[in-house]
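Welcome, and thanks for taking a look at this model with us. Please open the viewer and keep the sequence to hand.

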Amino acid sequence: MMTQEEVRALLVQTGAIMDGHFLLTSGLHSPHYVEKFNVLQHPEYTAQLCAAMAEKFKDANIETVVGPVTGGILLAHETGKSLETRAIFTERVDGKMTFRRGFSLREGERVLIVEDIVTTGGSIKEVIDVVKAAGAVPVAVSMLVDRSGGKANFGDVPATALLTMEVETYAPENCPLCAKGIPMTKRGRTGK
Ligand SMILES: [Zn+2]
């Protein structure tokens, strides 16, 4: 089992969570920047995190793990390996989330949905719809990081995260980091 502190420390160590003063693509400023592939590029760590995600569901009779592209492919694969289940993924066709590549679920199949960094939970909701449309049962949602600030709520499908964090964002004119004269942080890569 990994504690929230251990998960956060690993994400900081690999540069998946960076602390500083960042200009986001939205134009907003933030004291944090999240780049999930800084940790997911290390298979050893991805396996470790997914084992922790799987641990909570080892007695839940999960039959298949499903994640949305892109990070969800890796997470589904590694979580499915830990749970000794099948692992498949959804992707978008003309903007609509769906199964491709011959993937399917049978009526009543027990599914765990996994995702890496959840900001709004919109993609997960679409995956739940795809699973339900196939007649399968979305048993739960397992997130690596929930940074939604409580917005990631999936109705009748319970959700859990290895790490819950608030990611504050500010308009440049209201940014407390700018007010303190802190320079913007360059997004350098950090080592393993
Ligand atoms: Zn700022």
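## About the model

This is a predicted model, in which local features need pLDDT of at least 70 and side-chain atom pairs count only at pLDDT 80 or more, while totals for chains, interfaces and linings use all residues. Residues are numbered from 1 along each chain as its sequence is written, and side-chain values use heavy atoms, with hydrogens and water left out.

## The zinc site

Let's begin with the metal. H21 (NE2), H29 (ND1), C175 (SG) and C178 (SG) coordinate the zinc ion at 2.0 to 2.4 Å (donors are N, O and S atoms within 2.8 Å of the metal, or 3.2 Å for Na, K and Ca). Along the sequence, these donor residues follow the spacing H-x7-H-x145-C-x2-C.

The angles between the four donor atoms run from 92 to 119°, so the arrangement is tetrahedral (all angles between 85 and 135 degrees).

## Helix 1 with helix 3

Helix 1 (residues 4–14) packs against helix 3 (residues 43–55) at about 160°, with the axes 12 Å apart; helices here are DSSP runs (H or I, at least four residues), and strands are E runs of at least two.

From helix 1, V7, L10, L11, Q13 and T14 meet Y45, Q48 and L49 of helix 3 (heavy atoms within 4.5 Å). By class, this contact has five nonpolar, three polar and no charged residues.

## Helix 3 with helix 4

Helix 3 also meets helix 4 (residues 71–83): the axes come within 8 Å and cross at roughly 60°. These helices are therefore oblique to each other, and the crossing is right-handed.

Helix 3 brings T46, A47, C50, A51, M53 and A54 to the contact, and helix 4 brings L75, E78, T79, S82 and L83. Seven nonpolar, three polar and one charged residues make up this contact.

## Two backbone details

Most residues other than glycine have a negative phi, and most peptide bonds are trans. V69 and T70 are joined by a cis peptide bond, with omega about 5°; T70 sits in the loop between strand 3 (64–68) and helix 4.

D94 is not a glycine, yet has a positive phi of about 50°. Its place is in the loop between strand 4 (86–93) and strand 5 (96–99).

Technical notes. Axes fitted to C-alpha atoms, helices over the stretch in contact; angles between N-to-C directions. Nonpolar A, V, L, I, M, F, W, Y, C, P; charged D, E, K, R; others polar. Tetrahedral: all angles 85-135°; square planar, octahedral: opposite > 155°, others 65-115°. Parallel < 35°, antiparallel > 145°, perpendicular 65-115°, else oblique. Left-handed = near helix turned anticlockwise from the far one by under 90°.
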